[in-house]
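Okay everyone, here's the model I wanted to walk you through.

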Amino acid sequence: MFYYGGMTPDLASAGNAEARQAALATLGGQTRELIDAVVLTDVPEDEITAVTAELAALTGRLRTLQRTAPQSFEAGPDGVPRHPGNAVIGSANPHALPLIVESTPERTVRAELAFRPSHEGPPGWVHGGVSAMILDHLLGHAAAVAGSPGMTGTLSVRYRRPVPYGEPLLATAEHTRSEGRKTWVEGRIALPDGTVLVEATGLFITPSGWGRSGPE
Ligand SMILES: CCCCCCCCCC(=O)SCCNC(=O)CCNC(=O)[C@H](O)C(C)(C)COP(=O)(O)OP(=O)(O)OC[C@H]1O[C@@H](n2cnc3c(N)ncnc32)[C@H](O)[C@@H]1OP(=O)(O)O
């Protein structure tokens, strides 16, 4: 199992920590619903103003105590890497889908996903930067699964067809080769029938000082 630094398991507090993570994930999910509701709302202006005031009050409650340090990747109870605040996989991050990445026995990675209305770029379709962000993360995960965790050096994206939101899609990626600290990875987002919508190649660099599990 690989994971990036993170908490050393503390059995005494593990239950509380898991309950807190679950609560944060629920908050993240509710906020995703809120974001889509904001993007799509057609309520009258006075209702918009009233809701805005309530949201300002809720924002103030969450602001009363804020963490100041970044979170680390950590292994969850199931051994799967997680990073609650991450923009792609973070259960507690409303910006994240969140993407749930699975590793295959062949050391490739896959994720079933569906974009949301809040990911819109061209009217009716997903923003190209959002697709690139998903592929960046998935390719990085594939590099890590192959034993070469790293930071993105370059990412090349080819947009073959517009990407719909609100429909099931499949993202996959695999390591192609490594030379020293450099690792090349390929991936794509496709329709369930295999039609490729977006494909990417990436070069990931393992910074000197990182081990096969990431930063040390
Ligand atoms: C399970 C967990 C899954 C996690 C997935 C996470 C995926 C998330 C991916 C990201 O979003 S990472 C964030 C975006 N990327 C960055 O912020 C990277 C910023 N850049 C850096 O930190 C450094 O520039 C970098 C680590 C990429 C390289 O720094 P180094 O000091 O290690 O590189 P160095 O100068 O020693 O060069 C080593 C080799 O890599 C090459 N190289 C370095 N940077 C490169 C680059 N950007 N593009 C192409 N090649 C590059 C360089 O030419 C050289 O090649 P040679 O060995 O052949 O001479």
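**Helix, ligand and strands**

So, α2: of its 19 residues, the number buried is 0, so it lies largely in the open. By buried I mean 20 or more other C-beta atoms, placed from the backbone, within 10 Å of the residue's own; 12 or fewer is exposed, and in between is partly exposed. Before I go on, this is a predicted model: local features need pLDDT of at least 70, side-chain atom pairs count only at pLDDT 80 or more, and totals for chains, interfaces and linings use all residues. Residues are numbered from 1 along each chain as its sequence is written.

Helix and strand names follow DSSP runs numbered from the N terminus, with at least four residues for helices (H or I) and at least two for strands (E). α2 covers residues 45-63 and reaches 27 Å from first C-alpha to last, close to the 27 Å expected at 1.5 Å a residue; that expectation is 1.5 Å times one less than the number of residues.

Now the ligand. Which element gives the most to the shell around it? That's α3, with 5 residues. α3 (128-145), β5 (151-159) and β8 (196-205) each supply at least two.

On to the strands, where pairing takes at least two DSSP bridges. β5 and β8 are antiparallel over 8 bridges, and Val 157 has Ala 200 in β8 as its bridge partner. β7 (residues 182-190) also pairs with β8, antiparallel over 9 bridges, and there Ile 189 partners Val 198. The hairpin of β7 and β8 has 5 residues between the strands, and Gly 194 takes a positive phi near 95°.
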